[in-house]
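Here is a short briefing for a first look at this structure.

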Amino acid sequence: MSAKLNALNSDSYIDVSQYRDQHFKGNRYEQEKLLKQSHTLYVGNLSFYTTEEQVHELFSKSGDVKRIIIGLDKIKKTACGFCFVEYYTRADAEHAMRFINGTRLDDRIIRTDWDAGFKEGRQYGRGKSGGQVRDEYRQDYDPARGGYGKLAQQHPAGESRNSF
């Protein structure tokens, strides 16, 4: 098949992205195979205040949702801006990738990506402060994601910007 024809058959919304989970237990080939068969999506850029019910309402528009796992701060056990959405079928997950990725939820543009399948423990943020790594380095003020990034909250003397 020519490259041009291949491009016509490609669907960038459901293709497997270049991102790979660095903590995946297994080799690259195994991860790639699981991603291509997966019924599970990683959903990022959620507000810390988005509820499981809101996620379910949006993602059930593309098919039957099996379960939703809200990402938690590993220290505080509060929502930290991501979740996993698992569908019963690959086709329903593909519909979500095609139609929900890049839409608004709770006034934020969310992004979806394929996930190799949820395993217990992955619901916790991997940042040093317990949340997501990206929130540690964020320089802007984002009230829906806890204010300033964790490292930006620190003054040179080690005082928190939020101390009273």
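How many helices and strands are there in the protein chain? There are 5 helices and 6 strands. Helices here are DSSP runs of H or I with at least four residues, strands are E runs of at least two, and both are numbered from the N terminus. This is a predicted model: local features need pLDDT of at least 70, side-chain atom pairs count only at pLDDT 80 or more, and totals for chains, interfaces and linings use all residues. Residues are numbered from 1 along each chain as its sequence is written, and side-chain values use heavy atoms, with hydrogens and water left out.

**Overall layout**
- Along the sequence, the elements of the protein chain follow the pattern α-α-β-α-β-β-α-β-β-β-α.
- Of the 164 residues, 43% are buried. Buried means under 20% relative accessible area, exposed over 50%, and partly exposed in between (1.4 Å probe, protein chains only).
- The protein chain exposes about 10000 Å², and carbon and sulfur atoms supply 53% of that area. Accessible areas come from the Shrake-Rupley method with a 1.4 Å probe; for residues, only the protein chains shown count as cover.
- Among contacts with a separation of 6 or more, 61% join residues 24 or more positions apart. Contact means heavy atoms within 4.5 Å.

**Confidence**
- The mean pLDDT of the protein chain is 79, and 68% of its residues reach 70 or more. pLDDT is the predictor's confidence in each residue, from 0 to 100.
- Helix 1 (residues 3-9) has the lowest mean pLDDT among the elements, at 45. Helix 3 (residues 52-59) has the highest, at 98.
- Residues 1-10 have pLDDT below 50, and this stretch has 3 contacts beyond near neighbours in sequence.
- Residues 155-164 also stay under 50. For them the model has 10 contacts beyond four places in sequence.

- An open sheet is formed by 4 strands in the order 2-3-1-6, with antiparallel pairing. Two strands pair if DSSP finds at least two bridges between them.
- Strand 2 and strand 6 stand at the edges with a single partner strand each, so one side of each has no neighbour in the sheet.
- On average, neighbouring strands of this sheet are turned by 25° against each other, direction ignored.
- Strand 2 is joined to strand 3 by 6 bridges. Arg-67 has Glu-86 in strand 3 as its bridge partner.
- Strand 1 (residues 40-44) is joined to strand 6 by 5 bridges. Here Val-43 stands opposite Thr-112.
- In strand 6 (residues 111-115), 4 of the 5 residues are buried.

**The cores**
- The largest nonpolar core has 21 residues. A nonpolar core is a set of buried Ala, Val, Leu, Ile, Met, Phe, Trp, Tyr and Cys residues joined through side-chain atoms within 4.5 Å.
- Those with the most contacts inside this core include Leu-41, Val-55, Phe-59 and Ile-110.
- Two or more residues each come from strand 1, helix 3, strand 2 (65-72), strand 3 (79-87) and helix 4 (90-99).
- A second, separate core has 6 residues, among them Tyr-42, Ile-69, Phe-84 and Phe-118.

**Single residues**
- Leu-41 touches residues including Phe-59, Val-85, Met-97 and Trp-114.
- Ser-38 lies in the loop between helix 2 (28-37) and strand 1. Ser-38 counts as buried because its relative accessibility is 5%.
- Beyond four places in sequence, Ser-38 touches Arg-90, Trp-114, Asp-115, Ala-116 and Gly-117.

Conventions
Axes fitted to C-alpha atoms, helices over the stretch in contact; angles between N-to-C directions.
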